[in-house]
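Here is a short note for your first reading of this model. Keep the sequence and the 3D view open as you go through the points.

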Amino acid sequence: MANEENRAIPGNRPVGPQLKKAREAKGLSVVEVAEAQHLRPAIIQAIENGKYELIDTELFLKGYIRAYARQVGLDGNALIADLNLELEPMRQEQAQAKAANPLVDIERRRRKKRRVAKAALWLVALAVLGLLVFSFIYNPSQLANLTGAGDDSTTQSTPDNLLPNETSDGDVTASPANAEGELKPLIASGTGTFSDGEAPADGLGSSPAQPVGNSAVIVDNERSTIDTEPSPQVADNRGRLEIDFIDDCWVQIRDANGRSLASGLKRQSDRIDLRTETDIRLVIGAANAIGSMRFEGAPVDLGSKGVVGNRAEFVLALN
C-alpha cells in the first residue's frame with residue numbers, strides 16, 4: 001500500500017524499479033550486484049522490491065542504494081532524494097503510532113515526575129545548607145565560645161622575680177633580681193654553660209654541662225632522598241578495538257546495550273580505533289576487506305568467527 005501511494009506522488013519515482021531497470025540494462029544479475037557490493041542477494045532483492053523494512057537502519061539503506069547506483073551508472077543523490085519522498089509516509093505512520101502508544105505517554109509522565117522530584121530535592125538540600133551556614137555565622141554562643149577559647153589559650157601565669165636555681169647542696173632556691181631589676185641569667189644563651197663559667201655540683205661530683213642551645217639536626221641523606229622519576233606507564237588496551245580496511249566494507253559495531261559505536265561504509269585505508277566498557281557485537285559486510293583487526297591488543301582471526309558468504313557477525317567479549 002505504501003509503495004502504491006508513493007507512486008501516486010508527482011515527481012516521486014520508486015527507487016527499487018529504477019535500480020532494477022538499470023541493472024537489467026547492463027546485463028547484471030542480482031547475485032553479481034550483491035557480490036560486487038559484498039552483500040547478500042536478499043538485500044538487493046529487498047531494495048528492488050521496495051521492502052525497506054528488511055534493512056537494519058535507514059543509514060545502511062541509503063549507503064546500499066548509493067553503492068548500487070554507482071555500480072549501474074545512476075545518480076546516487078537523485079535516488080536518495082526520491083527515497084526520502086518514498087519513506088516520508090512510513091516515517092509519519094511510525095511517529096503517529098509512537099505518539100498514540102499509551103506506554104510512551106506513561107513513560108513521558110514518569111520522566112517529568114523524576115525531573116520535578118530531582119529539582120525539589122536540590123532545593124531542599126540548598127535550603128538546609130543555607131540554614132546551617134546562617135546558624136553557624138550568626139549564633140552568638142558559638143562566637144562567645146570561640147572568643148573564650150582564644151582568651152584561655154593566650155593567658156599564662158608567670159613568676160614575678162623568681163627563677164629556679166639549683167644550689168651546691170641540692171636545694172632549689174629562687175634567684176633574686178639584680179640591681180637593675182632584671183633576672184640574672186643562669187645559662188648563657190646558646191653556649192650550654194653557666195654564666196660564671198663553672199658547672200653546678202650535684203653532690204656527687206661535678207659533671208660537664210650539657211648544651212642547651214641550638215641542637216644539630218642529623219639528616220639521613222639516603223632516607224631523605226626521594227625518587228622523583230615517574231614509573232613507566234603501561235598501555236591499557238582494555239576494551240580497545242582496532243580495524244584497518246584494505247577495501248570497501250560495510251560495518252556495524254554496537255555495545256552490549258545496543259548503542260551504536262560505528263556504522264556505515266568504510267573505504268580503503270580507513271581505520272577504526274575505539275574503546276568500550278562492554279562486550280562488542282560486530283557485523284562485517286566483507287571479511288576480505290579487513291586488513292587487520294585487534295581487540296585489547298590481540299589479533300582477531302576472522303576465519304574462526306563463522307564467515308558466511310564473505311559476511312561475519314560475532315561478539316567480542318572483554319577479558
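1. **Ground rules.** This is a predicted model, in which local features need pLDDT of at least 70 and side-chain atom pairs count only at pLDDT 80 or more, while totals for chains, interfaces and linings use all residues. Residues are numbered from 1 along each chain as its sequence is written, and side-chain values use heavy atoms, with hydrogens and water left out.

2. Helices here are DSSP runs of H or I with at least four residues, strands are runs of E with at least two, and both are numbered from the N terminus. Helix 6 covers residues 76–100, which is 25 residues. From first C-alpha to last it reaches 35 Å, close to the expected 36 Å. That expected span is 1.5 Å times one less than the number of residues. Asp75 caps the N-terminal end of helix 6. One of its side-chain oxygens lies 3.2 Å from the backbone nitrogen of Asn77. For a polar contact within protein, an N or O pair must lie within 3.5 Å, with one atom able to donate a hydrogen and the other to accept it; residues adjacent in sequence count only if both atoms are side-chain atoms.

3. **Helix 6, kink and burial.** Look at Leu87. Helix 6 has a kink of about 35 degrees there, shortly before the proline Pro89. The bend is the angle between axes fitted to the seven residues ending at a residue and the seven starting there. Both Leu87 and Pro89 are buried, and other buried residues of helix 6 include Gly76, Leu79 and Asp82. Buried means under 20% relative accessible area, exposed over 50%, and partly exposed in between (1.4 Å probe, protein chains only).

4. In helix 2 (residues 15–25), the buried residues are Val15, Gly16, Gln18, Leu19, Ala22 and Arg23. Seen down the helix axis, they fall within an arc of 165 degrees, so they line one face of helix 2. The arc uses the directions from the helix axis to the C-beta atoms. Lys21 and Ala25, on the other side, are exposed.

5. **What helix 2 packs against.** Its buried residues pack against helix 3 (30–36), helix 4 (41–48), helix 5 (58–72) and helix 6. Contact means heavy atoms within 4.5 Å. Take Gln18 in helix 2. It counts as buried because its relative accessibility is 16%. Leaving out residues up to four places away in sequence, Gln18 touches Arg13, Leu74, Leu79 and Asp82.

6. **Helix 4.** Ile43, Ile44, Ala46, Ile47 and Glu48 are the buried residues here. They pack against helix 2, helix 3 and helix 5. Just after helix 4, Gly50 has a positive phi of about 75 degrees.

7. Most residues other than glycine have a negative phi. Which way does phi of His38 go, positive or negative? It is positive, near 60 degrees. His38 sits in the loop between helix 3 and helix 4, and it counts as buried because its relative accessibility is 18%. Asn310 is not a glycine either, and its phi is about 65 degrees. Its loop lies between strand 9 (298–299) and strand 10 (312–316).

8. **Gly285.** This residue is in the loop between strand 7 (280–284) and strand 8 (290–295). At 9% relative accessibility, Gly285 counts as buried. Beyond its neighbours within four places in sequence, its contacts are His38, Cys249, Trp250, Asn310 and Arg311.

9. Four strands form an open antiparallel sheet in the order 6-3-8-9. Strand 6 (271–275) and strand 9 are at the edges with a single partner strand each, so one side of each has no neighbour in the sheet. Strands pair if DSSP finds at least two bridges between them. Five bridges join strand 3 to strand 6, and Arg240 has Arg275 as its bridge partner in strand 6. Strand 3 (residues 240–245) also pairs with strand 8 over five bridges. Strand 8 and strand 9 form a hairpin with two residues between them, and Glu296 in the turn has a positive phi of about 55 degrees.
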